[in-house]
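Biologist: Let's go through the labels on this model. I want the cut-off behind each one.

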Amino acid sequence: MRSNKKAGLQISINAIVILILAITVLGIGLGFIRGMFSQTIGQLGDVSDDIKNDMINRLRDSDERLALREENIEMKKSDEKTIYFGIRNEEEDEASFDIKFRCDSKMDEDANLDDIIFNVFKETKMLERDEIMVLPAVIKISPNAVATTYMCSALINEGDYASKTFYITVTK
């Protein structure tokens with residue numbers, strides 16, 4: 001029996017070359033995907049800056065203390081959405097504000113107001129006079145929510161400083 005060691009060595013060299021090429025292609029692919037995700041994340045940051053600047057300009061041009069980016073919101077059951085609101089300090093000195101969201105009424109009697117959940121990212125920053133702050137709030141709709149329109153409110157200092165009414169329409 002004669003063994004061909006030269007052919008076995010040739011197969012091993014081919015396997016190593018193929019492995020090196022596969023690792024190289026994988027590295028290039030991962031680099032491409034990473035670049036795409038970093039561009040997307042950068043664009044999302046730009047959108048947030050645009051929203052913030054839009055809200056600040058809107059409050060400066062009006063006599064409002066509180067502004068919501070959207071006042072008619074449409075969402076599906078089990079959905080989650082981030083909304084933005086801005087507050088302007090018109091007090092004599094610097095102040096901080098207590099921010100609350102709640103739903104006050106609904107069009108369908110079978111609906112439960114607790115099916116709409118608000119998460120507000122509270123910021124303890126003190127605002128100087130005429131300073132404006134823009135913050136996000138997350139609205140979550142329960143999977144058990146009734147498809148109807150809910151009338152909700154944004155309250156600053158229990159509504160003593162400012163309040164704004166908005167509507168959330170839950171669809172199926």
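Modeller: In the largest nonpolar core, which has 32 residues, Phe85, Phe101, Ile116, Phe118, Ile139, Phe166 and Ile168 touch the most other members. β1, β2 (72–76), β3, β4 (99–106), β5, β6, β7 (149–156) and β8 (162–171) each supply at least two residues of this core. β6 gives the most, five residues. This is a predicted model; local features need pLDDT of at least 70, side-chain atom pairs 80 or more, while totals for chains, interfaces and linings use all residues. Numbering starts from 1 along each chain as its sequence is written, and side-chain values use heavy atoms, without hydrogens and water.

Biologist: What makes a set of residues a nonpolar core?

Modeller: Its members are buried Ala, Val, Leu, Ile, Met, Phe, Trp, Tyr and Cys residues, joined through side-chain atoms within 4.5 Å.

Biologist: Why is Met36 called partly exposed?

Modeller: Buried means under 20% relative accessible area, exposed over 50%, and partly exposed lies in between (1.4 Å probe, protein chains only). Met36 has 41%, so Met36 is partly exposed. Its place is in helix α1 (residues 5–61); helices are DSSP runs of H or I, at least four residues, and strands are runs of E, at least two, numbered from the N terminus.

Biologist: Why are β1 (66–68) and β5 (116–120) called edge strands?

Modeller: The open sheet has four strands in the order β1-β3-β6-β5, with antiparallel pairing. β1 and β5 each pair on one side only.

Biologist: How do you know that β3 (residues 80–88) and β6 (residues 132–141) pair?

Modeller: Pairing needs at least two DSSP bridges between two strands. β3 and β6 have nine, in the antiparallel sense. Glu80 has Lys140 in β6 as its bridge partner.
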